[in-house]
Amino acid sequence: MRVVIADDSVLLREGIARLLEEAGFEVVGRSGDPDDLMLKVRSYKPQVAVVDIRMPPTHTDEGLRAAQEIRAKHPDTGVLVLSQYLEAEYALELLSESAEGVG
């Protein structure tokens with residue numbers, strides 16, 4: 001399974017990549033910002049995108065907006081959203097149209 005990972009923390013991003021690779025996943029892209037994430041999703045056509053909610057430049061909801069764009073433009077790519085913050089409204093916003101392919 002091809003995966004891209006987006007998190008502005010290099011340590012967390014690389015740690016997730018290592019865990020996934022050791023479990024047999026193919027990590028085809030690592031991104032630190034939403035623009036690079038979208039480029040990698042378009043280029044590598046992953047089956048899953050693991051996305052942090054808070055990303056540069058404002059560290060508010062850029063990752064969430066990227067996840068919504070992935071769902072709209074790349075419906076065959078599942079999205080797993082990660083956050084160290086409990087933000088129920090972000091989850092509800094992402095799931096508002098459909099929960100299919102989202103975690």
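## A chat about cores and salt bridges

User: Hi! Which residues does Leu 37 touch, not counting those up to four places away in sequence?
Analyst: Leu 37 touches Val 4, Ala 6, Ser 31, Val 51, Ala 66 and Ile 70, with residues up to four places away in sequence left out. Keep in mind that this is a predicted model.

User: Thanks. And which residues touch the most other members in the largest nonpolar core?
Analyst: That core has 16 residues, and the ones touching the most other members are Val 4, Leu 37, Val 51, Ile 70 and Val 79.

User: Which elements give two or more residues to this core?
Analyst: Those are β1 (2-6), α2 (34-44), β3 (48-52), α3 (62-73) and β4 (78-82). The largest share, 4 residues, comes from α3.

User: What lies apart from it?
Analyst: Another core does, made of 8 residues, among them Ile 5, Ile 16, Ala 17 and Val 48.

User: Let's switch to Val 3. Where is its place, and is Val 3 buried or exposed?
Analyst: You'll find Val 3 in strand β1. Val 3 counts as buried because its relative accessibility is 2%, and the cut-off for buried is under 20%.

User: What is Val 3 in contact with, leaving aside neighbours within four places in sequence?
Analyst: Its contacts are Leu 20, Phe 25, Glu 26, Val 27, Val 28, Gly 29, Pro 46, Val 48 and Val 50. As for Arg 30, 27 residues away from Val 3 along the chain, the two C-alpha atoms are separated by 8.9 Å.

User: New topic: how many salt bridges does the structure hold?
Analyst: There are 7 salt bridges. In one of them, the side chains of Arg 18 and Glu 22 meet at 2.9 Å, N to O. Both residues lie in helix α1 (residues 10-22), 4 residues apart, about one turn of the helix.

User: Is Arg 18 buried or exposed? And Glu 22?
Analyst: Arg 18 is exposed, with a relative accessible area of 57%. Glu 22 counts as exposed too, at 56% relative accessibility.

User: What does Arg 65 form with Glu 62?
Analyst: A salt bridge, with the closest N and O atoms 3.7 Å apart. Arg 65 and Glu 62 are separated by about one helical turn, because they are 3 residues apart in helix α3. Arg 65 is partly exposed, with a relative accessible area of 44%, while Glu 62 is buried at 7%.

User: Which residues do salt bridges that share partners join into one network?
Analyst: Glu 14, Glu 21 and Arg 30. Within that group, Arg 30 forms a salt bridge with Glu 21, and the closest N and O atoms are 3.2 Å apart.

Methods. Residues are numbered from 1 along each chain as its sequence is written. This is a predicted model: local features need pLDDT of at least 70, side-chain atom pairs count only at pLDDT 80 or more; totals for chains, interfaces and linings use all residues. Side-chain values use heavy atoms; hydrogens and water are left out. A nonpolar core is a set of buried Ala, Val, Leu, Ile, Met, Phe, Trp, Tyr and Cys residues joined through side-chain atoms within 4.5 Å. Buried means under 20% relative accessible area, exposed over 50%, partly exposed in between (1.4 Å probe, protein chains only). Contact means heavy atoms within 4.5 Å. A salt bridge is a side-chain nitrogen of Lys or Arg within 4 Å of a carboxyl oxygen of Asp or Glu.
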